[in-house]
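Please keep the sequence and the 3D view open while you read.

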Amino acid sequence: MSQGPLMPKATAVWLVENTSLAFEQIADFCKLHPLEVKGIADGEVAAGIKGLDPVSTGQLTRDEIEKAQKAPHYKLKPAVSKVKLPEVKRTTKGPRYTPLSRRQDRPNAILWLLRNHPELKDSQIIRLVGTTKSTIQQIRERTHWNSGSLQPMDPVTLGLTTQINLDFEVQRAAADRPAAMAAESGASLLPTEVSTAPEPEETAEHGGREERIDADSVFAKLKGRHQDEDDDA
């Protein structure tokens, strides 16, 4: 079934007023009912509508009208447009739309992601299920109004996202995780050989200290012995 002209009623008004085409021919071209075209001719339908010339708009040729006027059973053929309009491609940019019937399942999906993929950032969860950061925080801290009834459910099974998108976000989070872990861990531990090895300087100092203490005690004992001998003499 071919597409009707732009502004079919206005086109029908012009054809009724400016041609001798049959009502059936006009109705077939404008995709209207023949009784509706008859009502236009009687002034009962489309009152106040200004006629639109299909010839000037390139929807119909003058030769086609004359040919149809000579043959009451002939069907008008619309003119082929010489200008080809480019196909408009729909973009998917912007927030992900979630059907109303599935929006109630988003908290369950968020809970599932928090438990099974804690490495995901809030921004990634938002992209996957189309939620807000405050909702994620409430579910994480169990302050959500429906926390007691939430059940973790796979967002892919719920139809909130695709497995490809989920795998992509998980892989991205895993790639960013090693660098984050290294930054959080700080300085690394020294090897066992280094940490357990004795320090030469400290040992020598400690040993010299012990030797000095032993020498002082020996001299003290000798001095005390000499004093005893002098007292006996």
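In this predicted model, the cover over the buried residues of helix α1 includes α2 (23-30), α3 and α4 (62-70). The buried residues of α1 themselves are Ala10, Thr11, Ala12, Val13, Trp14 and Leu15. Two packed helices are described by the angle between their axes and the distance between the axes, and the points below follow that scheme before turning to a single side chain.

**Helix α1 against helix α3**

- Helix α1, which covers residues 8-18, packs against helix α3, which covers residues 34-42, at an angle of about 60°, and their axes lie 10 Å apart.
- Because of this angle, α1 counts as oblique to α3, and the crossing of these two helices is right-handed.
- On the α1 side the contact is made by Lys9, Ala12, Val13 and Val16, while on the α3 side it is made by Glu36, Val37, Ile40 and Ala41.
- Sorted by class, the residues in the contact of α1 with α3 are 6 nonpolar and 2 charged, with no polar ones.

**Helix α1 against helix α2**

- Helices α1 and α2 pack at an angle of about 155°, with 10 Å between their axes.
- Angles over 145 degrees count as roughly antiparallel, and α1 and α2 are therefore roughly antiparallel to each other.
- The crossing of α1 and α2 is right-handed, and the contact is made by Pro8, Thr11, Ala12, Leu15 and Val16 of α1 together with Ile26, Phe29 and Cys30 of α2.
- By class, the contact of α1 with α2 has 7 nonpolar residues and 1 polar residue, and no charged residues.

**Spacing along a helix**

- An α-helix has 3.6 residues a turn, so residues three or four places apart point the same way.
- With that in mind, you can look again at the α1 residues that meet α3, namely Lys9, Ala12, Val13 and Val16, and find them in the 3D view.

- Gln25 is buried, because its relative accessible area is 4% and buried means under 20%.
- The side chain of Gln25 reaches the backbone oxygen of Pro72, at a distance of 3.3 Å.
- Leaving aside residues up to four places away in sequence, Gln25 touches Ala68, Ala71, Pro72, His73, Tyr74 and Leu76.

How values were computed: Residues are numbered from 1 along each chain as its sequence is written. This is a predicted model: local features need pLDDT of at least 70, side-chain atom pairs count only at pLDDT 80 or more; totals for chains, interfaces and linings use all residues. Side-chain values use heavy atoms; hydrogens and water are left out. Axes are lines fitted to C-alpha atoms, for helices over the stretch in contact, and angles run from 0 to 180 degrees between N-to-C directions. Helices (H or I, at least four residues) and strands (E, at least two) are DSSP runs, numbered from the N terminus. Angles under 35 degrees count as roughly parallel, over 145 as roughly antiparallel, 65 to 115 as roughly perpendicular and the rest as oblique. A crossing is left-handed if the near helix is turned anticlockwise from the far one by less than a right angle, and right-handed if clockwise. Contact means heavy atoms within 4.5 Å. Ala, Val, Leu, Ile, Met, Phe, Trp, Tyr, Cys and Pro count as nonpolar, Asp, Glu, Lys and Arg as charged, and the others, Gly among them, as polar. Buried means under 20% relative accessible area, exposed over 50%, partly exposed in between (1.4 Å probe, protein chains only). A polar contact is a pair of N or O atoms within 3.5 Å; within protein, one must be able to donate a hydrogen and the other to accept it, and residues adjacent in sequence count only if both atoms are side-chain atoms.
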